[in-house]
Amino acid sequence: MAKSNTEKKVLPLLEPIVEEKGLELVDVEFVKEGANWYLRIYIDKDGGVSIDDCEGVSRALEAKLDETDPIEQAYILEVSSPGIDRPLKKDADFVKFQGEIIDVKLYKAIDGKKQYQGKLLGLEDGVISLEEEDGMVRTFTQKETADVRLAVIF
């Protein structure tokens with residue numbers, strides 16, 4: 001996934017902070033919503049993150065950002081969990097969550113559908129494999145996918 005210049009500037013400041021706290025960096029986004037810019041940091045750990053985890057990363061990153069000032073415009077810093085519908089972005093995510101049910105959204109319809117759900121079989125050479133409920137195995141290149149997330153099933 002392509003990162004903006006701002007996200008690339010923040011990563012070297014953020015990664016040591018997250019690692020030092022024993023957390024996993026899931027994603028970084030720098031997006032404009034309405035009149036405001038948001039720098040969103042998503043962190044995780046086994047058992048889930050707490051408010052204290054988010055606050056610790058936020059305070060440490062805020063100090064680093066104030067010190068280095070890599071972002072020109074005003075922005076709002078948010079640090080949070082990726083949620084129960086966690087996005088799968090890194091190759092390691094596809095290994096970690098193999099066997100879990102995932103939702104795949106495509107940029108362009110395949111067989112008349114842009115959304116698929118099934119058990120994640122794996123990722124190999126940029127190709128995601130999933131098994132649908134009826135046993136049919138589907139494959140998608142990562143370039144075809146707009147979004148891949150853990151499915152929320154009640």
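A residue counts as buried when its relative accessible area is under 20%, as exposed when that area is over 50%, and as partly exposed in between; these classes are used in the legends below, which describe a predicted model.

**Figure 1. Overview of the predicted model and its order of elements.** The protein contains three helices and eight strands, and these elements follow one another from the N terminus in the order α-β-β-α-β-α-β-β-β-β-β. Taken along the principal axes, the box filled by the C-alpha atoms is roughly 55 × 30 × 30 Å. Of the 154 residues in the protein, 37% are buried, and the accessible surface comes to about 9400 Å², with 47% of that surface belonging to carbon and sulfur atoms. Among contacts between residues at least 6 apart in sequence, 52% join residues that are at least 24 apart.

**Figure 2. The salt bridge between Asp111 and Arg138.** The closest N and O atoms of Asp111 and Arg138 are 2.7 Å apart, and the two residues form a salt bridge. Asp111 is placed in the loop between β4 (101-110) and β5 (113-124), whereas Arg138 belongs to strand β7 (residues 137-141), so the pair ties together parts of the chain that are 27 residues apart in sequence. The two partners fall into separate accessibility classes: Arg138 counts as buried because its relative accessibility of 14% is under 20%, while Asp111 counts as exposed because its relative accessibility of 61% is over 50%.

**Figure 3. Glu24 and its two lysine partners.** Side chains of opposite charge can pair when their charged atoms come close. In this view Glu24 and Lys90 meet through their side chains in a salt bridge, with an N to O distance of 3.7 Å. This pair links distant parts of the chain, since Glu24 lies in strand β1 (residues 24-33) and Lys90 in the loop between β3 (76-80) and α3 (91-96), 66 residues apart. Glu24 also forms a salt bridge with Lys96, where the closest N and O atoms are 3.3 Å apart; here too distant parts of the chain are linked, with Glu24 in strand β1 and Lys96 in helix α3, 72 residues apart. Both lysines are partly exposed, Lys90 with a relative accessible area of 33% and Lys96 with one of 42%.

Figure 4. A search of the whole structure finds 16 salt bridges, among them the pair of Asp111 and Arg138. Through salt bridges that share partners, Glu24, Asp44, Asp46, Arg86, Lys90, Asp93 and Lys96 are joined into one network.

**Figure 5. A negative patch on the surface.** Glu62, Asp66, Asp69 and Glu72 form a negative surface patch. One of these residues, Asp66, is found in helix α2, which spans residues 51-68. Asp66 counts as exposed because its relative accessibility of 60% is over 50%.

**Figure 6. A nonpolar patch on the surface.** Ile84, Val152 and Phe154 form a nonpolar surface patch, and together these side chains' residues have about 400 Å² of accessible area. Ile84 lies in the loop between β3 and α3, and with a relative accessibility of 62% Ile84 counts as exposed.

Technical notes: Residues are numbered from 1 along each chain as its sequence is written. This is a predicted model: local features need pLDDT of at least 70, side-chain atom pairs count only at pLDDT 80 or more; totals for chains, interfaces and linings use all residues. Side-chain values use heavy atoms; hydrogens and water are left out. Patches are made of residues with over 30% relative accessible area and no salt bridge: like charges are joined within 9 Å, nonpolar side chains (Val, Leu, Ile, Met, Phe, Trp, Tyr) within 5 Å. Accessible areas come from the Shrake-Rupley method with a 1.4 Å probe; for residues, only the protein chains shown count as cover. A salt bridge is a side-chain nitrogen of Lys or Arg within 4 Å of a carboxyl oxygen of Asp or Glu. Lys and Arg count as positive and Asp and Glu as negative; His and the chain ends are not counted. The place of a charge is taken as NZ of Lys, CZ of Arg, CG of Asp or CD of Glu. Helices (H or I, at least four residues) and strands (E, at least two) are DSSP runs, numbered from the N terminus. Buried means under 20% relative accessible area, exposed over 50%, partly exposed in between (1.4 Å probe, protein chains only). Contact means heavy atoms within 4.5 Å.
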